[in-house]
Amino acid sequence: WLVAFVILMAFVAPTVWSQRWLLVRHWRHVLLTGLIGPALFPCLLYTGLKTTTVTNTSIIQTSVPGLVPFIAWLLLKDRVTWQQVAGILISSVGVLLIVTRGNPLAVTDVEFVPGDLVILCAFTAWALYTVVVRMKPAQMHPNTLLASSMLIGGLATLPLWMWEHAQGMYFPMTAQSAWAFGYIMLFPTLLAYFFYNHAISIVGPTKAGLASHLVPPLGICLGVIFLNESFGTFHAVSFAVILTGVVLVIRGGASSSSRARA
């Protein structure tokens with residue numbers, strides 16, 4: 001987060017500096033955004049993944065598009081149409097088709113473990129972050145909020161990193177680990193949050209939250225391209241179901257029925 005913050009500031013520093021007093025005035029919202037998104041969500045997610053499976057995580061991840069409109073309704077009074085509800089449910093079925101390899105009824109055979117509760121808390125935090133980003137002051141530039149939240153996330157997790165390092169829980173910096181660090185810092189940290197926050201400002205939290213349902217099919221496509229994994233009929237069916245649900249949500253309402261908080 002700290003490295004990503006430095007890189008982002010190389011491009012947005014003048015904007016952030018010009019709005020420094022706006023950050024001070026709305027410090028509570030800025031602090032909450034940084035603690036929930038960059039700090040709490042990844043910490044909970046990586047902790048939960050130590051004791052659960054990718055399948056369980058994918059199933060729990062389907063809760064995000066349902067949690068986001070509920071939280072948006074509580075905090076922003078956003079309205080969700082029945083068409084959007086139907087789209088969320090349909091796309092959830094598509095995700096279940098992927099994780100159960102074409103047999104949604106097999107979800108009853110999945111064994112859930114205590115780590116799944118941590119994963120659920122992680123995706124609840126992500127859903128809350130999605131809505132909180134939308135609640136930013138109207139005059140604050142999105143990059144100002146993003147840079148500030150990155151700095152807060154880095155400072156908040158720094159003590160955890162120091163504690164882990166003192167306990168010997170670290171990996172040696174080799175060429176391979178350096179590439180891994182560079183990838184994590186650039187793509188899922190810097191670019192993913194940049195584009196996701198930008199999407200929230202354009203289409204609202206409900207539609208942006210549905211992006212989580214696109215992770216499994218995109219992951220499969222990358223696996224087929226780079227890992228020579230097989231592509232089955234149930235993959236094609238699940239993709240069609242997910243895209244049908246996404247289209248229903250996108251066409252089911254306006255980008256957001258509320259305005260950003262002044």
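## Terms and model

Buried here means under 20% relative accessible area. The model is predicted. Its mean pLDDT over the chain is 88, and 96% of the residues reach 70 or more.

## Helix H8

H8 covers residues 142-166, 25 residues in total. From first C-alpha to last, H8 reaches 36 Å. That is close to the 36 Å expected at 1.5 Å a residue. H8 still bends, by about 35° at Leu 158. A proline, Pro 159, follows within four residues of the bend. After the helix comes Gly 168, with a positive phi near 80°.

Which residues of H8 are buried? They are Asn 143, Thr 144, Leu 145, Leu 146, Ala 147, Ser 148, Ser 149, Met 150, Ile 152, Gly 153, Gly 154 and Thr 157. Their cover includes helices H1 (2-18), H2 (20-25), H3, H7 and H9 (175-203).

## Helix H4

H4 runs over residues 54-61 and is mostly covered. Six of its eight residues are buried: Asn 56, Thr 57, Ser 58, Ile 59, Ile 60 and Gln 61.

What do these buried residues pack against? Their partners are helices H3 (27-48), H5 (64-76), H6 (82-99), H7 (115-134) and H11 (215-227).

How values were computed
Residues are numbered from 1 along each chain as its sequence is written. This is a predicted model: local features need pLDDT of at least 70, side-chain atom pairs count only at pLDDT 80 or more; totals for chains, interfaces and linings use all residues. Side-chain values use heavy atoms; hydrogens and water are left out. Buried means under 20% relative accessible area, exposed over 50%, partly exposed in between (1.4 Å probe, protein chains only). Helices (H or I, at least four residues) and strands (E, at least two) are DSSP runs, numbered from the N terminus. Contact means heavy atoms within 4.5 Å. The expected span of a helix is 1.5 Å times one less than its number of residues. The bend at a residue is the angle between axes fitted to the seven residues ending there and the seven starting there. pLDDT is the predictor's confidence in each residue, from 0 to 100.
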